[in-house]
Amino acid sequence: MEKIVIVVEDVEIARTALQWALHNILRYGDVVILLHVYPTAPRSRNKKKLRRLRLKGFHLALSFKDICNSFPNTKTEIIVTEGDHEGRRVAAVVREIGASTLVLGLHDRSFLYR
């Protein structure tokens with residue numbers, strides 16, 4: 001059993017990366033972890049705005065989970081967290097989980113691409 005972390009972003013490139021991973025990497029019994037990292041908000045933001053960002057990320061990850069449901073005998077988990085612009089939070093989550101594979105759909109608007 002392997003843990004595969006897939007970074008979820010709201011673009012078609014991220015969906016294509018997910019579908020590629022499901023067809024080329026996924027094996028029977030693997031765990032797919034959908035990771036959405038929303039940008040760090042300044043302290044001046046109120047709690048409602050932060051909650052809205054988390055909720056939007058969770059809904060986005062749920063739309064990706066629908067793609068994963070077509071693959072039987074795999075477990076899908078969702079993680080939505082606040083992160084930085086350099087990708088340190090993504091790396092920390094991957095290390096913490098002990099994932100064997102990280103799948104990114106990089107594009108010019110991605111926070112990791114910069």
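Begin with the whole protein, shown as a surface, and keep in mind that this is a predicted model. Of its 114 residues, 40% are buried. The accessible surface comes to about 7300 Å², and carbon and sulfur atoms account for 51% of that area.

Now switch to a cartoon and follow the chain through its three helices and four strands, which come in the order β-α-β-α-β-α-β along the sequence. How much of the contact in the protein with a separation of 6 or more comes from residues 24 or more positions apart? Such pairs account for 79% of these contacts.

Next, select residues 12–24, which form helix α1, together with residues 47–68, which form helix α2. Two packed helices are described by the angle between their axes and the distance between the axes. Here the axes come within 10 Å and cross at roughly 35°, and the crossing of α1 past α2 is right-handed. Show side chains where the two helices meet: α1 brings Ala-14, Arg-15, Leu-18, Gln-19 and Leu-22, while α2 brings Leu-60, Ser-63, Phe-64, Ile-67 and Cys-68. Sorted by class, this contact between α1 and α2 has seven nonpolar, two polar and one charged residues.

From there, move to the largest nonpolar core, which has 17 residues, and select Ile-6, Leu-18, Leu-22, Val-32, Leu-34 and Phe-64, the members that touch the most others. At least two residues of this core come from each of β1 (3–7), α1, β2 (31–39) and α2, and α1 gives the most, with five residues. In soluble globular proteins, nonpolar side chains tend to be buried together.

Zoom in on Val-32, one of those core members. Setting aside residues up to four places away in sequence, Val-32 touches Ile-4, Ile-6, Leu-22, Leu-26, Cys-68, Lys-75, Thr-76 and Glu-77.

For the last stop, select Thr-74, in the loop between α2 and β3 (75–83). Is Thr-74 buried or exposed? Thr-74 has a relative accessible area of 18% and therefore counts as buried, the cut-off for this being under 20%. Leaving out neighbours within four places in sequence, Thr-74 is in contact with Leu-26, Arg-27, Asp-30 and Cys-68.

Technical notes
Residues numbered from 1 in each chain as written. Predicted model: local features only at pLDDT ≥ 70, side-chain atom pairs only at ≥ 80, totals over all residues. Heavy atoms only, no water. Axes fitted to C-alpha atoms, helices over the stretch in contact; angles between N-to-C directions. Left-handed = near helix turned anticlockwise from the far one by under 90°. Contact = heavy atoms within 4.5 Å. Nonpolar A, V, L, I, M, F, W, Y, C, P; charged D, E, K, R; others polar. Buried < 20%, exposed > 50% of the residue type's maximum accessible area, 1.4 Å probe, protein only. Areas by Shrake-Rupley, 256 points an atom, 1.4 Å probe, with all protein chains shown as cover. Core = buried A, V, L, I, M, F, W, Y, C linked by side-chain atoms within 4.5 Å.
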